[in-house]
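Thanks for coming. Please look at the sequence and the model on the screen, and I will go through a few places in turn.

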Amino acid sequence: MVTYHNAAVPVNMLPGLTRRTLATSQAMMICEFTFEARVTIPLHSHPHEQVGYVVKGRVEMTIAGCTETLGPGDSYCAPSNTPHGAFTLEPTIIIDTFNPPREDYQK
């Protein structure tokens with residue numbers, strides 16, 4: 001199965017944050033998040049494992065109480081039910097994979 005980027009519907013999640021849900025299987029889902037600078041994702045948790053990769057920009061990522069500044073090429077993992085959040089320092093693109101797929105991110 002192929003998902004073309006121009007076919008992935010952009011969803012405005014918060015002011016300055018757009019999500020595109022890309023390829024999805026029964027076991028996992030990949031999403032692209034495009035942020036403006038200074039966007040806050042409040043601390044939250046969910047039952048899905050989340051693994052991410054910073055494509056461009058810089059982001060302060062907090063996972064389980066530890067905050068790190070990530071840039072292009074850096075990656076992270078937020079285990080299931082672990083509090084995590086983010087703050088973008090500049091325009092940023094992140095690719096996240098969720099296992100299992102997030103029901104709330106499906107079309």
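Leaving out residues up to four places away in sequence, Ile 94 touches Cys 31, Glu 32, Phe 33, Phe 35, Tyr 53, Val 54, Val 59, Met 61 and Tyr 76, contact meaning heavy atoms within 4.5 Å. A word on the source: this is a predicted model, where local features need pLDDT of at least 70, side-chain atom pairs count only at pLDDT 80 or more, and totals for chains, interfaces and linings use all residues. Residues are numbered from 1 along each chain as its sequence is written, and side-chain values use heavy atoms, with hydrogens and water left out.

The largest nonpolar core has 18 residues, and Phe 33, Phe 35, Val 59, Met 61 and Ile 94 touch the most other members. Such a core is a set of buried Ala, Val, Leu, Ile, Met, Phe, Trp, Tyr and Cys residues joined through side-chain atoms within 4.5 Å. At least two core residues come from each of β3 (29–35), β6 (59–63), β8 (75–78) and β10 (92–99). Strands here are DSSP runs (E, at least two residues), numbered from the N terminus. The largest share, four residues, is from β3.

**Thr 21**

Is Thr 21 buried or exposed? Thr 21 counts as buried because its relative accessibility is 6%, the cut-offs being under 20% for buried and over 50% for exposed, with partly exposed in between (1.4 Å probe, protein chains only). Thr 21 sits in strand β2 (residues 17–24). Its side chain reaches the backbone oxygen of Tyr 105 at 2.8 Å.

Conventions:
A polar contact is a pair of N or O atoms within 3.5 Å; within protein, one must be able to donate a hydrogen and the other to accept it, and residues adjacent in sequence count only if both atoms are side-chain atoms.
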